[in-house]
Amino acid sequence: MRSGAGLGRLCSTPAIIAFIAIAMALLPLIAPPFWVTLANYIGLYTIVALGLVLLTGVAGQTSFGQAAFVGLGAYTSAWLSTAHGVSPWIALAAGLALTFVVALALGFITLRMRGHFLPLATIAWGLSIFFLFGNLEFLGGHTGMAGIPALSIGTIELKDERRMCWLIWLVVVAALWTMHNVLDSRQGRAIRALKGRLEMAEAFGVDGARLKIVVFVYAALLACISGWLYAHLQRFVNPTPFGINQGIEYLFMAVVGGAGSVLGALVGATIITLLKQYLQDALPALLGTSGNFEIVVFGLIVIVLLQRTRDGLWPWIDRLLPHAKPPPVPDAAPLAARVQPAAASTLLEVRAARKAFGGLVAVNDLTFALACGEIVGLIGPNGAGKTTTFALLSGALAPTSGDVRFRGHSIAGAAPYRIAARGIGRTFQHVKLVPRMSVLDNVALGAHLRGRAGFLRAALRLDRREEARVRAEAARALARCGLAEFVHAEAQNLALGQQRIVEIARALAADPVLLLLDEPAAGLRFHEKEALAALLRSLRAGGMTVLLVEHDMAFVMGLADRLIVMDFGEKLAEGVPAAIQSDPAVLEAYLGGAPT
Amino acid sequence: MDLSIAALLAQDGITNGAIYALLALALVMVFAVTRVILVPSGELLTIGALTLAAFDQGHVPGTVRLVAGAAVLAGVIEAVRRARRGEGRRALAGAALWAGIPLALAALAAWMGPRKLPLAAEVAMALALTGALGPLTWKIVFEPIADASVLVLLIVAVAVHFVLTGLALYFFGAEGSRTPPFSSASFDIGALRVSVQSLLVLATSALAIAALALFFGRTLYGKALHATSVNRLGARLCGISPDFAGALSFALAAVLCAFCGVLIGPITTLYYDSGFIISLKGFVGAIIGGLASYPLAAAGSLFVGLIEAFSSFWASAYKEVIVFTLIIPVLLWRSLVTHHHEEDE
Amino acid sequence: MKRGLNVALAVAIAAAASAARADITIGVTLSATGPAASLGIPERNTFELLPQSIDGQKINWVILDDASDTTKAVTNTRKLITEDKADVIIGSTVTPNSLAMVDVVADAKLPMISMAASGRIVDPSNPRTYWVFKTPQSDTLMADAIAVSMKANGVRTMGYIGFADAYGESWLAEMRNSLKTAGIEIVAAEKYNRNDTSVTGQVLKLIAAHPDAILIGASGTPAATPQKELVARGYKGKIYQTHGVANADFLRVVGKDGNGTLLPSGPMLVYEQLPDSNPLKKSDATYVTQYEKRFGTRSTFGGHAWDAWQLLAQAIPKALAKAKPGTPEFRAALRDGLETANVVGVHGVFVMTPHDHNGLDNRGRVMVKIEDGKWVLQK
């Protein structure tokens, strides 16, 4: 048991990265020179693929254009160091600065695109930059620039491939380690939610548009460093290694290796490079030299590989490795909590809010108010406009007219992440958890705004104290909701009812003043509903305000202090449950009296 | 630039744009049914044209061997799959169907290779052979992973593009070919000389666009086919097997792509690796149409063809830079006005 | 003491004997796939015709494909040097790849023979080219031939359309130099991509500039695309092509639109029409007959590979006399042998000197005209 745990720890990502560091420190000393050559290219490709793991695999933004950034790094240094005699190290800084500016500009324009528009846009600017390299005479045109100096550190010249190998792999290991740290942090949770869960992430204070750009720039900078190393390893640059074909190949590496995991980049770069090398040696012996079947066989192998392991190779390897059971979450000092406003004061006012989609009016001049510390149910038949109302309150939609005021400030039309910062937490009608992330991390994402750690602190592991407090907070929220035993489970493995409760725990982790619950009882069993009702009552006792949309009448009648009934986008009635139950207009709407 | 040059450039741009539009249609159709972005559409185009060129020169095209090999593989895969499901009897029938029809085609093509039949017969055979590659690719490559993520399907499609490019180099060599035109006639409108071949390109493109828009937009069967990409189970309930829908869309797309090749084969030289950049431009058109709308995809493709023609006149060195930089704002605009669903993993 | 000496002697002799048995390894990297495949394939075919031994010494041929990609060319070169212990490297097919390899062979100190066009590869002012030789005629030599022909034909203005790659770029640069001395002006210069389906825009622009002649700086069948378009748009001036088109496929694709086109070429393209007194006629016949027997019609690009071997065939015996294969001394001797080579190849007579690592002169080029789908030597 104990040795199993030890072995498991040895197979953790940081341990594997440490092992790689040691192996690559020794490799140049003992391996044949050609191994070093291959290791150098694998290292260069890993750095770029790692950026793609973050950008494409984790954040869901497919890019075919990384090779262009590699080219920016390579050409900047090549030109500065040959034409102007600038030190390559200063040229690196210049290359990074240029890449930063270009990536920021491109990201600003293209990352607003969604669906397939983004990948095509990356192809478009990737091709544009490639042809630009070929047409600029001072960059050597299509023929290229020769005579690029080797790197040197102090008086040590890194002309020898072995020495370059150490430098390249130093960068690779640093990139792997920092990337692993970033993904295991406050920002990492937010990035993982970008893929298909943007609306949810924004509801917990993540500025999705900004975070996408940060991720994009980060990936571009990694590519730029790879290009800089390439230029001084090769000591010759021309446009072909920075074209669209190479851009596709980087994406290949990430996907084949496993685009969702840090080590996938390394596995992908290694497999693709070695496979091509092996095929070049092996195929002529098998098939004769009359044709070139390398690309054919290579393509076939990739097809079969992805048919067998569509998440890529690393997740498949990872399943075979022993894993240590994660330890219980250690307790830590609570995060600073919000001061709940005085009971019975007005918390939320909706004034004549209206939402029209073209000619269809989904919410029609709706007016109501919530007082602090009450539970209010928003009910009505299907299509009455409840979910649209929720979207207006949480910022997912902006009202066509009217106003929404929260604690005295207008929040109508504000971005969701700004509304979240004011203390509104919510759940979703269709559960929106990050499926591959642990329950604990999903809930910790709720506490996004209660932490401060940025990329740099996370990358260098300087965020651990804050992170411990966030995790403890998340564990407490889960315990309060009765899900303590599932802390380390993957969210996708929970039953749907449990996933709904996780959503509530996540909202609680945000320490909200107002909780918006969209059909929290749907799919829950009887005793689960009772537990949920008890939880909501105890929250009310602590001063929290709850607005819930619910179809389960027994549940909402027994729980809510007041009910608001909507029909056809308008408020039909408002009052205590007993009064609503006997309201003729409500009965008409529910029991299907034909409108006269 | 005077008016006559502008007219010539417009004619050139529209002819090329029409080809991109046809490819865009194939891409939209395959994506709408299977969520696969058909990257190898360009290779199907070149294989179609080069197959015809081989017939024209009296050779047996390498496509024959490719189709025969793929047919055997597909037959085996189908037999194994059905046998595993316990459909012993139908295993044989399935295998015979998947291997038999393409093998018969290949045999016929091998027979007519050196015989120099009339152009129409050669065109029909080139279309049939290349068209057979569509469903065979679906069966061998995509059917087993039909429910994978769009990204994985895309990467696999790129791998298919590699395989087909490599094979095309082996079968057809590195040098290019032209095919005989359907008609070498031309006539003058004012200063503008219009070739019948390029009119043919335009007419067939317009016809194909209209036909596809009608089929998928107006007929129940077409609508149901479209639905398979959104909901495989739902389509099955409507009586459409998603596997059959996939094979059908791949077959239609492959014939369409090969037809593009036959149409432009006489106008331009095609090489074993011409396909990628052509399909990329078709892809631009398809994306401008949101991978859903046939008329918009066609309009986008014409737009690409026109910018290309005019930028190759104004600044030929920067042609690609201009084309691909100009489409970025268009993409941005299309992205902002298109309604997106967040895609689940 | 004496016994120790004997042992040492015995070891030395044994070592020498094993070294004597060491084979000569010739590493080749060429572009048999990718954009330059139409050049690389005849080169690869040619290597299959070459002997497996010389002077009783076995030759290991290691032939790799670099897919027209510089990174791959450098990786291949490093592999040939460190894994296969190559004594000499032949390659690559295209200029950027060859330029990228120069530093690698200079560091490893072994000779390299490039099969690419640009004179920059063997630029004598660059000390890194000490180890580098090349067999194809430099663009300068060919560009001069075109300039001379244009001047003789009374051409005063020229339009240029070429590949948007290293080939097209290098030709335009060389033509600028050659035309300056001939007093001919370049009035329009356009680019196109090898795979472009249409060059209408470029051709209209060229025609609008009314040049007396147009040079197409492209290779293989893609060079026919602008030519056919020029003819279709009614261009009446002279059309020149480069030696890059010298294969049968070009004639097939260009068809009757190629009539009257002039191009400079290595003599092997039309060796049958050379006078019997020309020393090249015999060597061309030897190569072309062998090649056409196995692989169909000739391509001048294959000739560059053949010439690389002819240079080695002269240099290897000299080097073998000085050192054993696999040693640094052998590689240095091989380089020295190449630098003093004087060989009748198929593309010309190579007279290498320390200042000229290409060694071809005017005998390495002829002007050829396309008439009715045939290459016709211009006297």
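Predicted model: local features only at pLDDT ≥ 70, side-chain atom pairs only at ≥ 80, totals over all residues.
Analyst: Let's start with a rule: a disulfide is a pair of cysteine sulfur atoms within 2.5 Å. Residues are numbered from 1 along each chain as its sequence is written, chains are lettered from A and ligands numbered from 1 in the order in which they are written, and side-chain values use heavy atoms, with hydrogens and water left out.

User: How far is the sulfur of C257(B) from the closest cysteine sulfur?

Analyst: The closest one belongs to C260(B), at 6.0 Å, and that is too far for a bond. C257(B) is also buried, at 0% relative accessibility. Buried means under 20% relative accessible area, exposed over 50%, and partly exposed in between (1.4 Å probe, protein chains only). C224(A) is buried too, with a relative accessible area of 1%.

User: How do I read a helix, and what span does α3(A) reach?

Analyst: Helices (H or I, at least four residues) and strands (E, at least two) are DSSP runs, numbered from the N terminus. The expected span of a helix is 1.5 Å times one less than its number of residues. Helix α3 of chain A, residues 33-58, has 26 residues and reaches 36 Å from its first C-alpha to its last, close to the expected 38 Å.

User: Where is the kink in α3(A) centred?

Analyst: The bend at a residue is the angle between axes fitted to the seven residues ending there and the seven starting there. In α3(A) a kink of about 35° is centred on L52(A). This helix is mostly covered, with 24 of its 26 residues buried. G60(A), with a positive phi near 75°, follows α3(A).

User: In which order do the four strands of the open sheet in chain A stand?

Analyst: Strands of a sheet pair through backbone hydrogen bonds, either parallel or antiparallel. Here two strands pair if DSSP finds at least two bridges between them. The order is β6-β5-β8-β9, with antiparallel pairing. β6 (360-371) and β9 (409-410) stand at the edges with a single partner strand each, so one side of each has no neighbour in the sheet. Five bridges join β5 (residues 346-357) to β8 (residues 401-406) in chain A, and L348(A) stands opposite F406(A) in β8(A).

User: Which residues does M125(B) contact?

Analyst: Contact means heavy atoms within 4.5 Å. Leaving aside neighbours within four places in sequence, M125(B) contacts F55(B), L105(B), L108(B), A109(B) and M112(B). M125(B) lies in helix α5 of chain B and is buried, at 5% relative accessible area.
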